[in-house]
Amino acid sequence: MTKNSIEIKQALYNQCEILVSKRLDVVKQQIAQIQESLTSETKSTAGDKHETGRAMLQLEREKAGQQLAEINKIKQVLSKIDIKASATKVSLGSVVFTSQANYFIAVSLGELKVDEDVFYAISPSTPIGQLLLGKAVHDDINFRGNGFTILNIL
């Protein structure tokens with residue numbers, strides 16, 4: 001590991017922000033396309049086919065709206081993370097090195113890489129996140145029959 005703890009946290013945090021921004025852009029684009037389709041549906045054919053098409057578009061718009069709300073929640077969680085903070089126990093914003101895998105306790109975004117190290121961005125509310133919260137270096141964790149030890153917390 002060539003980077004110091006703040007550089008690692010900053011790199012992971014930045015990757016999370018980029019992924020969330022990309023998701024936000026995709027959902028905003030979907031909403032714009034649905035809105036455009038709704039507008040053109042209004043101008044086109046009448047009758048049952050028209051009503052079915054509008055209903056489907058309304059459902060899609062509702063689904064996209066829910067995705068937008070979810071992304072905004074993720075952004076709120078990210079904004080609460082202080083990358084300069086260090087803790088002796090696992091908490092929101094912690095980078096946790098274990099004998100099995102490395103975790104960034106933030107939001108669920110999957111696999112991230114810093115240099116050659118792989119980290120898993122997980123939410124504190126996930127099963128593994130809940131097990132890790134409040135734990136300290138050298139604590140043993142048993143998750144789904146697999147035992148591992150916390151080696152370091154940034």
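Here are some questions and answers about the structure.

Me: Before we start, what kind of model is this, and how are residues numbered?

Reply: This is a predicted model, where local features need pLDDT of at least 70, side-chain atom pairs count only at pLDDT 80 or more, and totals for chains, interfaces and linings use all residues. Side-chain values use heavy atoms, with hydrogens and water left out, and residues are numbered along each chain as its sequence is written, from 1.

Me: How many aromatic pairs does a search of the whole structure find?

Reply: Rings of Phe, Tyr and Trp (its six-membered ring) pair if their centres lie within 6.5 Å; planes under 30 degrees apart count as stacked, over 60 as edge-to-face and the rest as tilted. With that rule, the number of aromatic pairs found in the whole structure is two.

Me: What is the geometry of the pair formed by Phe 97 and Phe 119?

Reply: Helices (H or I, at least four residues) and strands (E, at least two) are DSSP runs numbered from the N terminus. Phe 97 sits in strand S1 (residues 95-98) and Phe 119 in strand S4 (residues 117-122), 22 residues apart. Their ring centres are 5.6 Å apart with 75° between the planes, and the pair is edge-to-face.

Me: Is Phe 119 buried or exposed?

Reply: Buried means under 20% relative accessible area, exposed over 50%, and partly exposed in between (1.4 Å probe, protein chains only). Phe 119 has 1% relative accessibility, so this residue counts as buried.

Me: Why is the pair of Tyr 103 and Tyr 120 classed as it is?

Reply: The ring centres of Tyr 103 and Tyr 120 lie 6.3 Å apart. Their planes meet at 45°, so the pair is tilted.

Me: Which residues does Leu 19 touch, not counting residues up to four places away in sequence?

Reply: Leu 19 is in helix H1 (residues 5-43), and at 30% relative accessibility counts as partly exposed. Contact means heavy atoms within 4.5 Å. Beyond four places in sequence, Leu 19 touches Leu 109 and Leu 112.
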